[in-house]
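Please keep the model open while reading.

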Amino acid sequence: MLFSESDFRESYETHNETYCSSALVNAICAMACHLIDQRDTDGEGDIETLSTGFMNQARHEVQPRNYMTLCSVQALAVMYLAELSSGKARSATGYLRASVEFLKVAELDGQSPKAREISLWGIQTLNTSSTGITYQKLYAPELPYMPQFRHVDINSNHSVWRFYRYNGDQRKLPVRPSHAILAACHQAALFRIVHESLNLYCGLRGVATAEAVLTLYRRYNDWLEDLPFILKAVDEEAQPLPHILYLHVQYHVAVLQHLTPMLQSGYFAGPNLHELQGLVIKHAQQGIEIMEHARRLYSARYLTPLLSFCVVHIGDALVRYSPHEPPGSDVVEFCLGLLQQASVGFAICGPLQELYRRTAYECGVQLPANIETITGQLGSYGMDDILDACTRLDYKQPVDQSIRHIADNIAEEWPSTWERVVNGPGRPASPSSTRKSPTGEQSLRIKSLLND
């Protein structure tokens with residue numbers, strides 16, 4: 001959530017530029033084009049051409065004279081998402097960088113405290129997610145030292161949500177409270193922890209000791225436990241809204257990213273290594289199970305770039321550390337299927353499919369016989385395509401840069417620190433005892449879920 005929807009709508013309807021500008025409207029329209037299927041247009045125009053036109057107009061409207069307005073800052077953030085969705089990550093990152101920089105000095109006169117906070121935390125969360133999950137650049141983005149959404153009514157149910165799996169569904173089903181502000185608040189809290197994890201592995205907090213790593217791991221656990229009930233239920237029977245399911249996916253990927261440097265550091269061996277690997281597998285299994293809930297209840301058509309990267313990170317962990325449970329070939333087919341469905345509107349998904357197929361092949365996973373039917377011919381994306389998706393030639397976490405900041409004695413300190421920092425009243429005695437799925441099943445059986 002990058003701006004106050006209610007304030008934007010009111011300004012748009014009254015032709016007031018306090019919360020709305022031509023640049024912001026055009027950026028939103030450019031991004032919205034990625035959510036439209038060409039087949040739903042009845043042949044009236046080309047969606048890609050339309051999106052390009054909106055982006056060009058947004059660029060034209062953002063001029064030096066209005067760089068410092070909050071609407072321009074918001075427009076630049078949305079332009080980042082639109083350009084990224086088009087598979088143009090190298091140019092997109094400049095828009096996000098500019099948005100974050102101008103946010104520090106933006107002219108906020110006339111803006112309500114609510115509107116300021118939503119934009120502040122929305123853009124900073126977007127920047128942290130881009131750094132920590134999407135592009136893996138090992139640096140620590142700035143984050144404001146202030147409470148989250150102090151002036152925002154996070155329990156407001158005024159915003160509603162409608163089912164969107166197929167065109168016309170929204171007219172058949174009743175509206176539901178979206179709880180979008182509440183979810184955005186907890187997402188911002190989650191990415192504050194991600195931000196501190198980035199700080200730790202950048203070396204900005206000294207070496208990464210067992211105390212530091214496990215303190216953050218405990219904070220991730222506390223974040224999940226402290227979620228209100230409406231955001232905590234992810235069982236398919238509860239029919240949670242998609243953005244609530246995807247919030248949990250981001251949580252599991254964040255924990256994966258936090259623990260993976262430990263796993264690959266070379267400092268751990270024996271039972272400690274086994275239990276650490278078990279933690280990574282547990283979060284990957286739970287993450288893919290939630291993705292399956294979302295796919296069965298809704299659709300993967302609207303996966304944003306951030307969530308597409310979450311898919312490959314989860315799938316990578318499973319084929320690398322648990323290739324038999326669930327079967328690696330099923331995981332690969334499932335993840336590639338999600339990306340293929342999303343690729344209709346998000347060009348970034350094609351190169352991600354290519355990279356993930358390479359990972360599966362390197363890990364010795366048997367690819368499905370119909371793989372080229374799902375994704376096209378292997379090798380159809382070149383170096384520039386990969387760079388425009390990932391800004392690097394890989395999607396994987398650059399753990400080699402993190403390992404240099406890990407304390408040499410971390411494995412020795414790990415067991416006693418786990419008992420002291422992670423364990424508490426009612427908490428498990430070891431990581432292995434937490435290895436259960438969110439629905440209480442011992443392991444994910446994805447094979448039976450692939451045909452919906």
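1. Ground rules. This is a predicted model, where local features need pLDDT of at least 70, side-chain atom pairs count only at pLDDT 80 or more, and totals for chains, interfaces and linings use all residues. Residues are numbered from 1 along each chain as its sequence is written, and side-chain values use heavy atoms, with hydrogens and water left out.

2. Start with E83. This residue sits in helix 4, residues 70-85. Helices here are DSSP runs of H or I with at least four residues, strands are E runs of at least two, and both are numbered from the N terminus. Is E83 buried or exposed? E83 counts as buried because its relative accessibility is 6%. The scale: buried is under 20% relative accessible area, exposed is over 50%, and partly exposed lies in between, using a 1.4 Å probe and protein chains only.

3. Partners of E83. Its side chain makes a polar contact of 3.2 Å with the side chain of R59. Such a contact is a pair of N or O atoms within 3.5 Å; within protein, one must be able to donate a hydrogen and the other to accept it, and residues adjacent in sequence count only if both atoms are side-chain atoms. Beyond four places in sequence, E83 is in contact with M55, R59, K88, S91, A92 and Y95. Contact means heavy atoms within 4.5 Å.

4. The core. The largest nonpolar core has 127 residues. A core of this kind is a set of buried Ala, Val, Leu, Ile, Met, Phe, Trp, Tyr and Cys residues joined through side-chain atoms within 4.5 Å. Which members touch the most others? They are M262, L303, Y356 and W414. Helix 10 (residues 242-263) supplies the largest share of this core, with 13 residues. M262 touches Y201, V213, F268, L276, I406, I410 and W414, leaving out residues up to four places away in sequence.

5. Look at S308. It belongs to helix 12, residues 305-321. S308 is buried, because its relative accessible area is 0%.

6. Helix 4 with helix 6. The axes of helix 4 and helix 6 (residues 113-134) come within 11 Å and cross at roughly 30 degrees. The two are therefore roughly parallel. From helix 4, L70, V73, Q74, A77, Y80 and L81 meet A115, S119, I123, L126 and S130 of helix 6.

7. Helix 8 with helix 18. Here the axes of helix 8 (residues 210-225) and helix 18 (residues 410-422) come within 9 Å, crossing at roughly 40 degrees. Among the residues that meet are V213, L214 and Y217 in helix 8, and I410, W414 and W418 in helix 18. Axes are lines fitted to C-alpha atoms, for helices over the stretch in contact, with angles from 0 to 180 degrees between N-to-C directions.

8. Backbone checks. E325 and P326 are joined by a cis peptide bond, with omega about -5 degrees. P326 lies in the loop between helix 12 and helix 13 (328-342). H179 is not a glycine, yet has a positive phi of about 55 degrees. H179 lies in the loop between strand 2 (176-177) and helix 7 (180-202). With 16% relative accessibility, H179 counts as buried. T391, also not a glycine, has a positive phi of about 60 degrees. The loop holding T391 runs between helix 16 (383-390) and helix 17 (399-403).

Notes. Parallel < 35°, antiparallel > 145°, perpendicular 65-115°, else oblique.
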